[in-house]
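Here is a short report on one protein model.

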Amino acid sequence: MLAGRGDRLPVSALPVDGTYPGGTTAYEKRNIADLVAVWDPQTCIQCGNCAFVCPHSVIRSKFYDLKELAGAPDGFPSAPLNARGLPDSRFTLEVYLEDCTGCALCVEACPVGTPERRAINLEPREPRLDAGRTDIAFFETLPHADRSRVDFGTVRGAQFLQPLFEFSLACAGCGETPYLKLLSQLFGDRLMVANATGCSSIYGGNLPTTPWTHNAQGRGPAWSNSLFEDDAEFGMGFRLAVDLHARLAADRLGRLRDRLGPDLVDAVLSAPQRRESEFAAQRDRLAELGRRLDALPAAEPDVADLRSVLDHLVRRSIWIVGGDGWAYDIGSAGLDHVLAGGRDVNVLVLDTEVYSNTGGQMSKATPLSAVARFAAAGKTTPKKDLALQAIAYGSVYVARVAMGADPEQTLQALREAEAYDGPSLIIAYSHCIAHGIDMRDGLGQQQRAVRSGYWPLIRYDPVLRAAGRNPFLLDSPRPRTPLSDYTGRELRFRRLHDTDPAEAVRLAALAQEAVDQRWQTYEEMATRGPDRFPADARPERSRS
């Protein structure tokens with residue numbers, strides 16, 4: 001199929017159940033960039049920013065014992081690990097040169113050095129290619145960090161988590177893919193993704209390759225694509241199926257309790273599963289259960305049934321993913337229905353504020369005064385506030401994030417959403433080539449969006465309300481720059497000045513007024529007492 005000869009494949013060669021192998025983008029090695037990222041071990045402070053923002057997962061970090069360097073190729077880059085308590089550990093940041101797109105987001109994210117020379121820089125690919133392949137081959141033999149020993153709460157710690165979303169075919173400098181990569185790092189092989197059609201389905205599952213991959217144990221995220229109009233319901237189906245499988249597993253386990261060992265069975269059924277160490281302990285218990293099952297008759301119905309659903313005793317992380325065209329427009333009714341249902345699902349909206357995949361048509365997320373298809377004279381109505389709609393339920397965890405403006409807040413919101421026992425909604429600012437920007441400056445535009453008040457960073461956590469605290473958290477400071485500092489750098493806003501200058505000025509004034517009004521609303525909400533918010537009224541339901 002990669003060679004363009006897919007029509008020669010007989011139907012019998014295609015998988016009957018529609019599944020395809022994961023991690024196949026690793027074989028493409030497109031070599032599309034003349035300039036690629038190169039790490040400077042002497043300057044690097046090991047902050048993890050570059051790996052965090054890399055859209056294609058080509059920047060990887062590992063720390064390991066010094067003895068692991070035995071047999072390393074000459075010139076293999078490493079540095080002493082900048083951490084207390086590990087004096088004999090080394091740190092390596094490896095760049096997969098043949099997969100790098102040269103977008104330079106890593107360079108822009110690097111906080112050390114000068115604009116001319118930082119701890120990571122773009123340099124010619126060809127002179128480094130042969131040595132780079134040798135270094136990567138050795139780097140892949142180095143062990144990944146034990147997930148239970150990694151600090152998930154910091155960007156510095158998250159860089160050591162293996163990405164299970166890699167080398168996608170997204171645009172160079174894409175603003176969407178870093179969020180998906182981070183999901184795969186944080187929730188690993190427990191992750192299940194229901195993906196609405198759009199950019200994320202094209203770079204996520206464009207046959208014959210997919211960037212969704214697996215770990216050394218052969219486990220990885222489960223991903224499937226659905227249509228615009230029903231992706232939320234499709235993801236809800238994931239939740240219902242997972243809950244059913246968990247109930248079946250618990251029932252079959254209960255029937256075999258005495259034969260498998262009451263202590264082990266009780267430990268499996270009562271195990272807390274929120275921290276990574278708890279997931280690791282549960283996997284160990286299930287491995288022991290598997291060994292004990294091997295000693296029972298395989299043909300026995302309860303034994304066979306339990307074996308088929310045993311893995312579902314590890315808590316799954318369900319994510320419904322799509323763009324603004326899905327969440328704000330075509331799939332909005334379904335999304336509202338799912339959020340109102342109170343079930344434990346997580347929604348990630350990759351908000352490019354336009355139908356990016358189909359030509360740049362206007363969506364209800366398109367901001368006032370922007371030019372898009374079907375809004376050639378500038379959009380004359382404000383952007384829909386999806387966050388406030390969800391907050392109105394009182395039972396939905398809601399966050400608006402922008403990785404380029406505050407990576408720690410992004411990390412915190414994703415972790416809080418997944419831990420929340422109910423529906424959650426994350427709206428992620430995703431810069432896009434459709435905005436008419438230099439994609440290298442995508443992170444800068446995210447910062448300007450936040451500084452101008454256009455994209456307030458917020459979190460609404462119903463758990464805080466239950467504790468007697470204000471559940472609405474305004475994580476960004478008051479606007480410090482005019483909206484024009486943000487909009488003036490994007491072609492989608494500047495275009496109207498060329499065709500209708502008077503209308504451009506009028507709409508720009510209305511857009512500034514809308515930003516000011518929304519900020520006032522948010523600031524007032526951030527100072528309310530908890531009793532002035534809607535109650536958390538999730539329906540009672542059984543828990544597996």
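The protein has 20 helices and 13 strands. Its radius of gyration is 24 Å, close to the 24 Å that the globule rule gives for 544 residues, so the protein is as compact as a globular protein of that length. The model is predicted. Along the principal axes, the C-alpha atoms fill a box of roughly 80 × 60 × 60 Å.

Buried residues account for 53% of the 544 residues. The accessible surface is about 23,500 Å², and carbon and sulfur atoms contribute 52% of that area. Among contacts between residues at least 6 apart in sequence, 76% join residues at least 24 apart.

**The β2-β4-β3 sheet**

Three strands make an open sheet, ordered β2-β4-β3, with antiparallel pairing. The edges are β2 (59-65) and β3 (79-80); each has a single partner strand, so one side of each is left without a neighbour in the sheet. Seven bridges hold the antiparallel pair of β2 and β4. Across that pair, phenylalanine 63 stands opposite phenylalanine 91 in β4.

**Aromatic pairs**

Phenylalanine 91 also belongs to a ring cluster. Ring pairs link Trp39, Phe63, Phe91 and Phe160. The count of aromatic pairs in the model is 15. In one of them, the rings of tryptophan 39 and phenylalanine 91 have centres 5.7 Å apart and planes at 70 degrees; over 60 degrees counts as edge-to-face, so this pair is edge-to-face. The pair links distant parts of the chain. Tryptophan 39 lies in strand β1 (residues 35-39) and phenylalanine 91 in strand β4 (residues 89-95), 52 residues apart. Tryptophan 39 is buried, at 11% relative accessible area. Phenylalanine 91 is buried too, at 0%.

**Charges over rings**

Two arginines sit over aromatic rings. The charged end of arginine 190 is over the ring of phenylalanine 279, 3.8 Å from the ring centre. Arginine 518 lies over the face of tyrosine 454, with 5.8 Å to the ring centre.

How many of the six residues of strand β9 are buried? Six of the six residues of β9 (residues 346-351) are buried, so the strand is largely enclosed by the rest of the structure. Both faces are covered. Asn346, Leu348 and Leu350 are buried on one side, and Val347, Val349 and Asp351 on the other.

β9 pairs with β8 and with β11. Strand β8 (residues 317-323) runs parallel to β9, joined by five bridges. β9 and β11 are also parallel, over six bridges. Leucine 348 takes part in both pairings: it is the bridge partner of valine 321, and it stands opposite isoleucine 426 in β11.

**Helix α5**

Helix α5 (residues 177-187) has eleven of its eleven residues buried, so it too is largely enclosed by the rest of the structure. Glycine 188 follows α5 and has a positive phi, near 50 degrees.

Histidine 435 is in the loop between β11 (424-429) and α16 (442-451). Its relative accessibility is 1%; buried means under 20%, so histidine 435 counts as buried. Beyond its neighbours within four places in sequence, histidine 435 is in contact with Thr352, Tyr429, Ser430, Glu490, Leu491 and Arg492.

Glutamine 409 is in helix α15 (residues 407-419). Glutamine 409 is buried as well, with a relative accessible area of 4%. Leaving aside neighbours within four places, the contacts of glutamine 409 are Arg400, Val401, Ala402, Leu457, Ile458, Arg459 and Asp475. Glutamate 123 is 286 residues from glutamine 409 in sequence, and the C-alpha to C-alpha distance is 32 Å.

| Residue | Relative accessible area |
|---|---|
| Tryptophan 39 | 11% |
| Phenylalanine 91 | 0% |
| Glutamine 409 | 4% |
| Histidine 435 | 1% |

Terms used: Residues numbered from 1 in each chain as written. Predicted model: local features only at pLDDT ≥ 70, side-chain atom pairs only at ≥ 80, totals over all residues. Heavy atoms only, no water. Helix = DSSP H or I, 4+ residues; strand = E, 2+ residues; numbered from the N terminus. Buried < 20%, exposed > 50% of the residue type's maximum accessible area, 1.4 Å probe, protein only. Contact = heavy atoms within 4.5 Å. Phe/Tyr/Trp six-rings, centres within 6.5 Å; stacked < 30°, edge-to-face > 60°. Lys NZ or Arg CZ within 6 Å of the ring centre and 35° of its normal. Rg over C-alpha atoms; globule rule 2.2 N^0.38 Å. Areas by Shrake-Rupley, 256 points an atom, 1.4 Å probe, with all protein chains shown as cover. Pairing = 2+ DSSP bridges.
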